[in-house]
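Dear colleague,

Please find the structure below, together with its sequence. The notes that follow set out what was found in it.

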Amino acid sequence: TGQFAQPAPGSDNGVGIVYGDENWTDYTLELKIRSDAGATNAPGPIVRFTDISNYYFFECYNNSMIFRPHTGGTDRVWVEQAAVPGFPGLGKWHDVKIELKGNHVKVWVNGTEVLDFDSKFPVDKGKIGLTTWGLAGEVTSFDDVVVTGDKIRGRPVNPKDKLTSVWGKIKNFTDVR
């Protein structure tokens, strides 16, 4: 569940869906991503979303993972990038992990570290987000989205009517016929 964030005026790529606490600082985002359709194949996760003018976008495009900070309302375009053969590719799931500590950023794709740098465009805190390139019929699937960090609190799970509770009732049911 997230909130849709409109694109910034003059932006060609909308932010997409954002979630979390605007005060999150150092954290790790892990997710699975798959391009399902579209000509550009440029979906990606967003971290430290403060507002539509300030966030970090990681563009998954054309066999590359690309760091595109959007700060002060300006898209900084392809500041850091790493070659990742076959990424994102249509129809294939990829594991992505982004770690943020101060201005230091590390990124892994499918368990291999691909980026390790200090951002020259600081965004100190913010939510996470998921986006896809909307201009070319892009369809993207995201799964197993997990955010961890010292100040990230999990949501308590109410087990009522969840699979394990229902299965437990079924297993313990005795037929009285």
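Tyr 19 is partly exposed because its relative accessibility is 33%, whereas Trp 24, at 10%, counts as buried; buried means under 20% relative accessible area, exposed over 50% and partly exposed in between, with a 1.4 Å probe and protein chains only. This is a predicted model, in which local features need pLDDT of at least 70 and side-chain atom pairs count only at pLDDT 80 or more, while totals for chains, interfaces and linings use all residues. Residues are numbered from 1 along each chain as its sequence is written, and side-chain values use heavy atoms, with hydrogens and water left out.

Aromatic rings

A search of the whole structure gives 6 aromatic pairs. Rings of Phe, Tyr and Trp (its six-membered ring) pair if their centres lie within 6.5 Å; planes under 30 degrees apart count as stacked, over 60 as edge-to-face and the rest as tilted. One of the pairs joins Tyr 19 and Trp 24, which are edge-to-face, at 6.4 Å centre to centre and 65° between the planes. The ring planes of Phe 58 and Phe 67 meet at 40° with the centres 5.3 Å apart, so this pair is tilted.

Strand S12

Helices (H or I, at least four residues) and strands (E, at least two) are DSSP runs, numbered from the N terminus. Strand S12 covers residues 127-131; 5 of its 5 residues are buried, so the strand is largely enclosed by the rest of the structure. In a regular strand the side chains alternate between the two faces of the sheet. In S12, Lys 127, Gly 129 and Thr 131 point one way, and Ile 128 and Leu 130 point the other way.

Two strands pair if DSSP finds at least two bridges between them. Strand S2 (residues 16-19) runs antiparallel to S12 and is joined to S12 by 3 bridges, with Ile 17 opposite Leu 130. Strand S4 (residues 44-51) is also antiparallel to S12, through 4 bridges, and here Phe 49 stands opposite Lys 127.

Glu 99 lies in strand S9 (residues 94-101). Beyond four places in sequence, its contacts (heavy atoms within 4.5 Å) include Tyr 27, His 104 and Trp 108.

Trp 108 also has Lys 97 over its face, at 4.7 Å from the ring centre; a charge sits over a ring if NZ of Lys or CZ of Arg is within 6 Å of the ring centre and within 35 degrees of the ring normal. Across the strands, Trp 108 stands opposite Glu 113 in S11. Strands S10 (residues 104-109) and S11 (residues 112-118) pair antiparallel over 6 bridges. They form a hairpin with 2 residues between them, and Asn 110 in the turn has a positive phi of about 55°.

Yours sincerely
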